[in-house]
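Here are my notebook entries from a sitting with this structure.

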Amino acid sequence: MLRFLSERPIRLPQWNASRTRPGDPAIFGFNDERDDIVATVARRVAELEGSNPQHLELILNDAAYHEIRRLESQGDKEAKESLPFWRSFIRRIAKMSEHEKRRALDAMLEHMARDVAGNFDRRVYDFARGAAPRLLTGLMQPSSLPSELFGKGPSTIERLLNVEGPIDKLRRLEDVGTLVYVPTHSSNMDSIVLATALDRVGLSPVVYGAGKNLFTNPIISFFMHNLGAYRVDRRIRVRAYKSVLKTYAQVMVERNYHSLFFPGGTRSRSGMIEHRLKLGLLGAAVQAFSRNQARGIGRPVYFVPATINYALVLEAETLIEDWLKERGQARYIIEDDEFSRIDRWAAFFRKIMGLSSACIIRFGDPIDPFGNPIDDEGRSIAPSGNVIDPRSYTLRDGKAVEDHARDAAYTQELGEILVTRYREETVLMATQIVAHVLYRHLVEKSSSRDVYARVRMRGEVSMPLSTLHAEVNAVRDALLSAMHRGEVRVSTFVRAETPERIVARALEIWSGYHERTAAHVERGSVVIDDPLLLLYYQNRLMPFAEILGSDASRRAAAEIYALESSR
Amino acid sequence: MSRVIGVVGGGGFGRALASACTHNGHEVRLWTRKPKVDVSNVVATQSFEPVAEADLIFIAVPSTHIGEVGRALGAHLDGRHRLVHVSRGLAGPGLTTLSKLLREVTPARRVGALAGPLVAEELARRADHSAIVGTRFPEIVEAVRAAIGGSHLYVEGTSDIVGVEIASAVVGVISVALGVASGLGIGPGGQAYLASLGMREGARLVESAGGRARTLFGLAGFADLVAVVAGDERPEWRFGRELAVGKPKAHAAELAEAHLESISMARRLHDHAQQRAIAAPVCEAMAAVFEGTRRPDEAIRDLLASDPAGSKGA
């Protein structure tokens with residue numbers, strides 16, 4: 001029958017699988033609900049997409065056409081198995097009766113939904129939260145294995161992570177409503193890192209969509225699959241498939257599964273904080289809220305803006321190169337970046353092992369789907385300070401109703417609010433600040449060149465250490481004032497240390513992991529070795545260029561924004 | 001279907017809206033500082049509570065008061081309310097649109113901006129005319145149509161609310177410039193050229209604020225300007241004519257006090273443009289005229305002699 005995927009991730013046998021207890025998060029009971037969820041998703045999409053008989057044929061043709069194109073270009077085992085089906089299917093569509101078309105659509109949607117649906121295994125969860133971080137650390141650094149496995153206290157991986165924000169409040173809200181985490185997205189490690197952080201501070205696990213490319217590593221695939229992640233195959237361009245994904249996400253929120261979406265859609269290629277969001281999944285959560293309200297389910301949905309801040313980004317080099325290359329749609333799928341290379345992982349972990357707080361996860365204050373802040377009891381607060389009922393936003397003539405156009409408008413506004421919140425919750429680190437000062441120096445020294453020419457200036461420009469220190473200090477001061485105004489945040493290290501230590505830390509972090517050195521010290525000056533890498537790290541500061549007190553900062557920002565809007 | 005509709009602001013526009021609503025058979029709650037209003041069948045009130053019983057509320061107070069009035073009104077509102085403002089102004093030092101300000105100071109999210117060639121006097125006497133509602137919420141367009149629309153008033157909707165609000169502010173400034181040109185006896189060709197300069201800078205400003213330039217081709221821009229030239233005698237245009245014949249500049253400040261938004265808008269639009277390296281010659285010239293640093297005839301003649309290619313900007 002219809003085959004979208006040839007291999008399925010491994011699941012453990014179900015004997016011994018533990019039952020859920022009252023008060024457990026919804027995800028612990030996922031496996032019992034899975035068939036129902038799959039059926040619900042397939043039925044809803046069929047109602048949505050297949051209501052019009054003429055439209056029905058278009059949907060089937062669209063699916064067959066795009067699947068044939070995808071499989072032909074893949075030319076793999078899956079193609080061999082599935083192409084004959086689709087080729088014969090596409091010839092038959094026009095001759096099918098309406099009833100047959102509906103049955104074909106139902107079967108296709110059911111198959112897609114089943115392929116997307118994840119699994120949740122309590123045993124894997126318990127194992128992952130206990131031993132996995134230690135084991136992972138041990139794998140990366142064998143000499144530490146004994147102390148990692150048998151030592152007391154936090155494992156190295158846990159020391160690497162700093163988790164900030166209103167954690168107690170989030171813990172309380174988990175019991176009142178559904179949490180939808182909406183973090184920034186820089187690395188394929190984000191979902192793993194965020195899941196670890198949630199566990200570390202005692203928050204419930206979340207469900208999230210993970211690109212199928214993350215499932216290529218069998219070990220990671222095993223964990224992801226059994227911890228509730230659902231699979232998103234970005235190669236499938238079938239319209240109905242997108243609808244299945246969105247509906248799946250919506251149904252999960254409706255059923256009170258705490259969820260994780262990356263509203264940026266894909267990892268930030270430029271290294272910039274997301275400033276344009278993909279609204280699809282956000283919209284699914286907003287619609288989940290109004291659909292529940294219209295059905296008399298009053299459970300609130302809370303959006304938790306979050307930033308994941310890395311001193312060192314695993315895939316920095318590939319991402320920034322991809323950003324400059326600008327290959328249109330191809331940009332969405334990077335199949336063989338550092339994430340899929342175990343040697344890069346090992347190098348990455350060896351590098352960050354020695355750094356405490358190399359990754360800062362900052363949870364922001366939660367908001368309701370309409371951007372209102374939430375008090376400690378989980379109530380929405382209006383600008384006047386009054387408590388208001390979020391249900392009122394779904395009312396029309398006194399009745400809570402579903403309205404897609406209205407919810408799309410709410411979603412757009414929510415997206416705008418999140419963009420502002422991302423800036424405010426971003427934690428700037430030594431690497432980003434030092435990269436900016438070096439990069440803007442390069443801009444000054446190469447004022448007649450454009451970005452493309454500038455990033456090729458390897459080893460051509462250097463900056464006296466004393467000047468670098470003074471400017472890093474000035475930039476830090478400007479950022480600290482911005483922090484007092486609530487516009488951004490600065491890491492504890494940058495706040496507490498001298499400019500000399502900040503510069504030294506940045507250089508130390510860069511050296512040894514990235515394939516090219518970003519910069520090195522030579523006779524009292526810092527030589528800029530890889531402007532492209534500096535560009536990636538410094539882009540995090542671009543929204544704040546106006547306050548950094550330098551024309552070169554402004555000029556760099558103007559260039560970056562012009563490039564961003566040209567795509 | 002008869003509904004309760006709120007109107008906030010007892011000035012010319014507020015009263016005209018109230019009158020149009022009652023004419024369509026609705027019950028109006030008009031909030032005004034004045035205890036008495038001369039609109040038949042309208043309940044005037046000095047409290048926001050009765051106004052908040054309406055789902056649809058028109059905000060017809062000048063932009064300088066919207067923050068304060070919005071905050072006071074907002075304490076009585078929740079997510080079901082729909083707010084539609086009719087001001088040509090913008091808030092704060094930047095180009096903060098009033099719809100954004102309303103979303104900040106009230107819990108209402110369903111907001112819209114009513115604009116286009118809609119003049120209070122014509123609305124009140126039900127002459128044939130048209131208006132545009134900028135809003136992301138299609139239900140607001142329907143609600144405004146039901147409230148004030150009819151055979152004599154065509155109401156169109158667009159989702160480009162920012163475009164509508166910026167266009168409306170820019171057209172206000174161009175209207176004054178056209179009034180000056182008319183008062184100086186500049187002929188149709190000259191006025192047309194002036195209008196085209198204004199529309200070009202309007203397009204640049206709309207885009208820089210995140211709106212769509214083509215919003216200017218419709219009721220919010222082009223049509224609004226045609227109404228000025230066709231002689232709708234709006235206050236901005238009349239003020240421009242008075243400037244041309246040499247009324248003292250105290251008059252400008254006085255009119256600004258009487259809430260002619262365009263007077264303060266010219267400077268702010270120009271400052272915004274300058275920060276983004278966008279050319280905005282009409283706003284620049286009019287700002288100087290309003291501030292008394294340039295003579296109106298000089299300013300208009302310089303504009304007419306300028307090269308539109310040179311003012312293309314970013």
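Entry 1, the chain as a whole. I kept in mind that this is a predicted model. I began with burial and found that buried residues make up 47% of the 567 residues in chain A. Next I looked up the secondary structure: chain A has 23 helices and 16 strands. I also checked how far along the sequence the contacts reach. Of the contacts in chain A between residues at least 6 apart in sequence, 76% join residues at least 24 apart.

I noted that chain A is divided into domain 1 (26–116), domain 2 (163–206 + 258–421) and domain 3 (427–565). I then turned to domains 2 and 3 of chain A, whose C-alpha centres lie 27 Å apart. Their contact takes 21 residues from domain 2 and 24 residues from domain 3.

Which elements of domain 2 give two or more residues to the side that touches domain 3 in chain A? I listed β6 (301–310), α14 (316–325), α15 (342–353) and β7 (359–363) of chain A. The largest share of that side comes from α14(A), with six residues. By class, I noted twelve nonpolar, five polar and four charged residues on this side of domain 2 of chain A.

How many residues of chain A are in contact with chain B? I found 18 residues of chain A in contact with 14 residues of chain B. Helix α16 (residues 404–425) of chain A gives the most to the chain A side, six residues. I sorted that side of chain A by class too: ten nonpolar, five polar and three charged residues.

Definitions and conventions: Residues are numbered from 1 along each chain as its sequence is written. Chains are lettered from A and ligands numbered from 1 in the order in which they are written. This is a predicted model: local features need pLDDT of at least 70, side-chain atom pairs count only at pLDDT 80 or more; totals for chains, interfaces and linings use all residues. Two residues are in contact if their C-beta atoms, placed from the backbone, lie within 7 Å. Helices (H or I, at least four residues) and strands (E, at least two) are DSSP runs, numbered from the N terminus. Ala, Val, Leu, Ile, Met, Phe, Trp, Tyr, Cys and Pro count as nonpolar, Asp, Glu, Lys and Arg as charged, and the others, Gly among them, as polar. A residue is buried if 20 or more other C-beta atoms lie within 10 Å of its own, exposed if 12 or fewer, and partly exposed in between; C-beta atoms are placed from the backbone. Domain bounds come from an automatic or database domain assignment.
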